[in-house]
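Here is a short note on the ligand site and some charged pairs. Please read it beside the model.

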Amino acid sequence: MQKLIVEGGRRLRGELVLQGSKNSSLPILAASLLCREECVIRNCPALTDVYAAARILNCVGCRCTFSENTAVISPQTVTGTAIPEALMREMRSSIIFMGAMLGRMGECGVSVPGGCELGPRPIDMHLAALRKMGVDITEPGGSIVCRSRGGRAKGAKLTLAFPSVGATENIILCAAAAEGETVINNAAREPEICDLCGFLRACGADIAGDGGSSIVIRGRDKLHGCEYTVMPDRIAGATYLSMTAAAGGEMILDNACPAEMEPFLNVLEQTGCSIYTSGDRIYLRSGSRLRAVRDRIRTMPHPGFPTDAQAVLMAALATAEGTSVFEENIFDCRYRHTDALVKMGADIQILGKVAIVRGVPGLHGAPVEATDLRGGAAMVCAALAAEGISEISRICYIDRGYEKIEEAVRKLGGRISRV
Ligand code: UD1
């Protein structure tokens, strides 16, 4: 098992080209199943989850190759309607293949994705919406078998109880090839939803309203191929900015998406960092000690503060002057990284969904274990700010979301190696 060794306590300085978005690439790769011609998807990050998505595409009969951040998919030959359990278990997001397979083939067999590091992750909203679209769903012994009545799903008026990102994506994927019009009320508004819709529109889909709470999709008989560039990864961007905020220093993030990162940047700015944006670049300077954030940092669906950036910002605020308070409203188990931060000298108290972070003057290096993707990234942030050496194990979690994290950190002048 590989580890990251970080020698902290040094200011960071450098320029970094931000990777493409993982959370966009996965639904877009699934969406390519709906097309009848080749799709070329650029700016896909080279990540284990992206490779898992490519394996699923291959498994159902597409030809999918991946090199230099470009996926080329030939979906003309789709034959399979089932994803084997072993592939489903490789990543939880495999569930978004459900909508795409229903759209293309009118049926699919997948397995229940189960819980993950963030706690139970039910898919009740996905299933309820698909049922309303005329899909019969049975769940024999841990698997999910879906069949559209008449071989094709029907458009429907749907209202989500919560703006779930995955449920919104699954519905869009199924609806893009369904018969008639689908309306999703209380839809997720995350930028990755707009990216998925952008890809589908480039393939000829009829979708309007994405980015707002109500999305209207008029199903098409056939979608064609396209060339598409995935948006930048706003969470990886938030992570590298948090590292520089935590360790002190200055950096430029290229190929970023400042507008989509605004909910994060607005909070980071309150720590006293200077942040300037120009086009797709973000400049950050972290001078003296950070200040605590005065208002409670509440994770909320977009355009609220992103839950995926909670852990990395917490690592930066661990050494801020004053007390910051987080409130995690999206996932039940999203404070598992705090034990590692405390081991490194942080003062963090968890009370249900609230975390109270009392800033300490400094952290010290320690051996820690990544608990989940963003929690692991938070440990790298803290390790860069800490005096001494940290050893971070179970980095397979980190590799799910960050393309060669050690190379990116070294571009910023950080001392880090993978052993
Ligand atoms: C996606 C992102 C993840 C991010 C999250 C919230 C991807 C690959 N992952 O995950 O990084 O943290 O959005 O921004 O894009 N829920 C239900 N029933 C459902 C569906 C969801 O109760 O049918 C609950 C979940 O348990 C969770 C909340 O809704 O508590 C949000 O989940 P959702 O928005 O669906 O997140 P994901 O799509 O899984």
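1. A polar contact here is a pair of N or O atoms within 3.5 Å; within protein, one must be able to donate a hydrogen and the other to accept it, and residues adjacent in sequence count only if both atoms are side-chain atoms. This is a predicted model: local features need pLDDT of at least 70, side-chain atom pairs count only at pLDDT 80 or more, and totals for chains, interfaces and linings use all residues. Residues are numbered from 1 along each chain as its sequence is written, and side-chain values use heavy atoms, without hydrogens and water.

2. A polar backbone atom of Ile 330 sits 2.6 Å from an oxygen atom of the ligand. For Met 125, also through a polar backbone atom, the distance to a ligand oxygen is 2.8 Å. Asp 308 uses a polar side-chain atom, 2.6 Å from a ligand oxygen.

3. The protein buries 84% of the 740 Å² that the ligand exposes when taken alone (Shrake-Rupley method, 1.4 Å probe; for residues, only the protein chains shown count as cover).

4. Which salt bridge involves Arg 415? Its partner is Glu 7, with the closest N and O atoms 3.3 Å apart (a salt bridge is a side-chain nitrogen of Lys or Arg within 4 Å of a carboxyl oxygen of Asp or Glu). Arg 415 is in strand β23 and Glu 7 in strand β1, so the pair ties together parts 408 residues apart in sequence (strands are DSSP E runs of at least two residues, numbered from the N terminus).

5. Glu 15 and Arg 281 also form a salt bridge, at 2.6 Å between the closest N and O atoms. The structure holds 23 salt bridges.

Note on methods. Helix = DSSP H or I, 4+ residues; strand = E, 2+ residues; numbered from the N terminus.
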